[in-house]
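Subject: Structure for your review

Dear colleague,

Please find below the sequence and structure that I am handing over to you. My notes on them come after it.

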Amino acid sequence: MLDLITQQAQKKLWEKFNNSLTSEVAEEFLQTLLTLMQIVFVVNHDYRKNLKNFQGKYQFCSQDGEVTIAAVFHNNRMDVMEKKIDNPNITITFRDGKTLLNFIIAPRQDILGSMLRHDVVTEGNLNYLYKFGFMAKQLQLMMPQLPR
Amino acid sequence: MITLDDIRLKNFKLENLPRLKELRSLSFARKPEICIERARYITRYLRDKDDTNDSPEVRQARKVNYFLEHKRPVFHDRNLLAGTTTSKALGAPLFPEFFALTLWPELDTVSTRAKNPQKLTADEAKELNLEIFPYWMDNNVLELTRKRINDEKNPKAAESLRLFESLVFFIAAKAGCISHAVPTYAPMLEHGLTGLISMAAEREAAALAHASDDGNRHADFYRAVQISLEGIIKYAEHLAEEAAMMASVADDPQVKQEFLDMAKVCRRVPAGPATTFREAVNAIWICQVGIHAENINMAMSPGRLDQLLYPYYKRDVEEGRLDIGQAIELIGCLWLKIADNVTMVPEASEEMFGGAGTVPAITLGGVDADGEDAVNDLTYIMLRVTELLCIRDPNVNARYDYEKNSKEYCRRVSEVILNTKAVPAFFNDRANITALKGQGESLEHARDYAVIGCVELASSGRDYPASSSIMLNLAAPLEMALFQGKRPITGEEQIGPKTPDPATLKSFEEFWEVFKTQLDWLLEKAIALNEEMGRVHQHMMPSPLLSAFFEGPMDKGRDLIQGGSLYNSSGATHIAFADVVDSLNAIEQTVFVDKKYSFSKLLQMVKNDFAGAEGEKIRLYLKNRTPKYGTENPIARKNACNVVGHLFELYQAHTNYRGGRYRPAYWTMTNHAGLGGITGALPHGRKSGELFASGITPVSGAAPELSACLNAVAELGGECVPGCWALNIKYSPEGDVGQMSERFAQTIEAYFRAGGQQVQFNIMTYQMLQDAKKHPEKYPELMVRVSGYSAYFKDLNELMKDELITRTMYDLTNGQAVPYPGDKGGE
């Protein structure tokens with residue numbers, strides 16, 4: 001029964017993630033991505049290897065100030081919080097959800113274009129963003145075929 | 001002296017050179033694969049074996065030695081030379097010290113991406129993700145620079161870093177590499193690596209005899225040289241063992257013999273002195289592979305191979321060991337080996353760098369140390385190989401001294417350009433030797449210059465020029481001058497100093513001062529960051545192996561990165577030169593001379609991207625009625641000279657961390673397309689997003705007469721452009737190559753006599769390129785000159801393809817530009 005509930009919850013989350021890929025709302029895409037990441041870290045052994053010994057602090061902010069989310073990787077786990085954190089390894093400030101999506105996870109990513117157009121502004125160590133981008137892409141590749 | 005009966009060597013064709021024909025076909029059929037071998041071994045070494053108490057030079061040497069010891073000896077085909085840059089047939093090696101981690105987001109998709117995929121196996125991707133990349137997250141050049149700046153609490157350098165990371169002001173290229181060098185292999189060929197190791201050992205002992213800090217540092221350097229060169233010898237031994245093993249299992253007697261021959265060569269060289277042409281060629285190649293174990297594969301240029309190899313060629317021919325066909329085959333094998341690697345380009349960078357090779361430059365012809373004609377039989381053999389193979393790398397360049405080299409040589413080079421449609425590029429000995437002498441190089445050394453990468457100049461094996469240190473976007477200070485220190489792309493942020501509103505200025509001279517204020521400010525930022533990164537390189541990435549192939553380090557006991565070379569310059573190149581000059585011209589003529597439009601009106605139009613009917617009317621006026629660089633207009637000539645002169649003075653006033661001067665240059669790779677694509681409208685009638693002109697080339701369509709265009713560029717040459725330039729000229733092909741090469745050669749000579757330093761060509765029409773864009777399958781091997789280097793047209797990004805299509809095309813029969821037919825031309 002518990003398995004069934006977990007499966008249902010995951011299915012909902014994948015659907016939400018799939019929907020958010022076409023959404024304009026930054027918070028929805030980012031929150032869904034981070035929540036899904038947290039869950040898949042728990043349920044997927046291979047994916048969990050990405051956490052091993054990884055220390056990283058990410059700060060995501062929207063340019064309009066509406067979204068302030070931090071993701072902190074430490075002690076082989078991932079925490080997500082809606083606040084400003086001290087000394088992030090990288091801060092990613094994005095114009096809107098679409099630009100963030102394009103930056104991190106779009107099938108044809110446009111990282112350089114996003115930065116050149118200043119749709120996304122980063123401050124800090126981009127290597128952390130590259131790792132995050134990989135983990136996000138892995139999720140995208142894992143996404144089950146969902147009914148339309 | 002030329003002994004060839006036919007300098008064209010037209011009896012030697014791919015049809016009767018089956019090995020080269022097969023290898024060439026293979027080189028086009030191969031798909032690039034990412035090679036993680038170097039990243040794997042240097043990471044393992046640093047993680048498990050590195051002793052941080054060692055000097056930076058010794059740590060680097062041990063790291064490189066460890067990799068070379070473990071590097072797999074492989075033979076992918078029937079090339080006669082042993083050694084490969086990577087473990088793959090066409091490999092993109094990863095250098096995690098620089099930007100390899102940009103590959104991280106696409107580890108699972110790089111093999112299948114739409115544009116220029118690079119194959120990576122699932123196991124390799126896993127190893128990179130879990131084992132290799134995590135080690136480097138905080139340890140590459142860029143992050144160590146950031147840490148250094150933060151630790152020093154250096155706000156000025158922090159501002160420079162921020163500007164660099166915004167990508168739209170300048171590129172601090174040391175984050176990606178220094179490389180860009182021309183070593184000298186003559187001592188290696190004469191003494192063998194064991195000879196060089198013995199010399200280093202003697203000097204180490206002598207340095208240790210002086211018990212001082214300096215003595216110890218020098219001894220450390222000499223020890224590092226020995227350790228790194230021993231790595232190359234180990235690799236050559238492994239090649240010999242593998243070749244012998246391959247011979248033992250080969251059924252075909254010819255193949256068996258070829259492997260036995262390679263095993264024999266690798267047992268002799270590069271450890272011992274080269275005794276034959278073949279040994280010399282293979283020794284050079286194995287040392288090139290060794291250099292790439294230490295330094296990233298970007299513009300590591302073998303240099304004047306026709307001069308270096310000629311004594312070995314001559315002796316073998318005279319003694320009956322070698323004929324011309326065999327020499328062509330060996331040189332062809334070398335060209336194809338040099339092309340065995342590409343750079344790893346993440347999808348995110350395709351827009352800027354897509355299609356670029358690794359640009360190892362070969363330099364042919366010119367004069368010798370005494371100023372006499374240096375063209376020899378091998379020069380013509382190498383030209384013939386270049387003509388037959390017609391491949392992207394190596395980047396072949398022909399030096400020409402119009403007083404000393406023969407007209408036949410000039411015509412032959414012209415003919416090769418016409419037949420390949422793109423290579424080699426032409427370099428003017430008179431102007432370039434003057435430029436290098438202006439940098440304090442002795443006449444003898446300046447005469448021995450070779451081309452690095454795209455177009456940069458260096459005395460062979462004497463000048464460590466870091467020639468790609470800074471790439472400055474000149475449109476940035478122009479926009480900052482127009483908008484009081486702000487740029488449209490960065491919004492309301494005050495970037496540069498707040499200079500006066502241009503609408504309040506009374507003369508063009510006042511605006512010129514404002515422009516210089518912004519330019520000087522930005523240039524200082526770029527230099528400050530280059531200095532910081534240079535110091536990080538000194539600790540993290542010294543080059544004891546490369547130092548062994550330079551004059552200077554062995555005498556000074558100092559690595560190249562510590563100023564060990566005889567000459568120690570840093571290079572800075574500039575993007576949007578022609579567009580900025582034309583904008584200055586438009587402002588001067590329209591606002592201050594003719595008073596046709598006020599500055600505030602002009603600014604309003606630029607801000608609005610010339611929107612609306614009025615905007616379009618003004619734009620067309622600015623585009624068609626204002627002075628253009630590339631013509632004889634005196635305002636245009638004055639402004640071009642002033643920009644070049646001012647940049648020269650600015651850079652020369654700075655001394656770099658190695659004690660050398662900064663040298664300005666004008667080549668753009670593909671950055672003129674990428675940066676043009678994101679820059680707003682400019683005062684010369686350029687709309688937002690239109691591409692910048694390449695290198696030092698006038699804006700497309702702006703220079704209708706060929707001779708005026710060449711003269712306008714040529715008068716900028718000489719002392720003020722010591723880093724050289726890339727001038728791109730497109731000619732419409734003619735039916736009779738013989739007649740065209742005559743006119744072609746005459747035009748070159750006139751341009752060089754006027755002072756032009758360099759020129760490169762595309763011999764193709766607007767329509768042909770439009771067709772190639774539309775039907776890439778019809779042009780799988782079409783090679784084009786971009787801005788200093790060659791590329792396959794099909795591999796370029798869309799912006800670059802458009803830039804090449806719209807470049808002004810001249811008809812050499814009448815010297816006039818052929819009007820661009822518009823986008824419908826290819827239909």
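This is a predicted model: local features need pLDDT of at least 70, side-chain atom pairs count only at pLDDT 80 or more; totals for chains, interfaces and linings use all residues.

Residues are numbered from 1 along each chain as its sequence is written, while chains are lettered from A and ligands numbered from 1 in the order in which they are written.

The contact (C-beta atoms, placed from the backbone, within 7 Å) takes 19 residues from chain A and 22 residues from chain B. On the side of chain A that touches chain B, α6(A) gives the most, with nine residues. Helices here are DSSP runs of H or I of at least four residues, and strands are runs of E of at least two, numbered from the N terminus.

In chain B, seven strands form an open sheet of mixed pairing, in the order β4-β5-β6-β13-β12-β16-β17; two strands pair if DSSP finds at least two bridges between them. Because β4 (361-365) and β17 (816-818) of chain B each have a single partner strand, one side of each is left without a neighbour in the sheet. Within the sheet, β12 (residues 728-731) and β16 (residues 809-811) of chain B pair in the parallel sense over two bridges, and B:K730 stands opposite B:M809 in β16(B).

Finally, B:F170 is in contact with residues including B:L163, B:I470 and B:L522, leaving aside its neighbours within four places in sequence.

Yours sincerely

Methods: Two residues are in contact if their C-beta atoms, placed from the backbone, lie within 7 Å.
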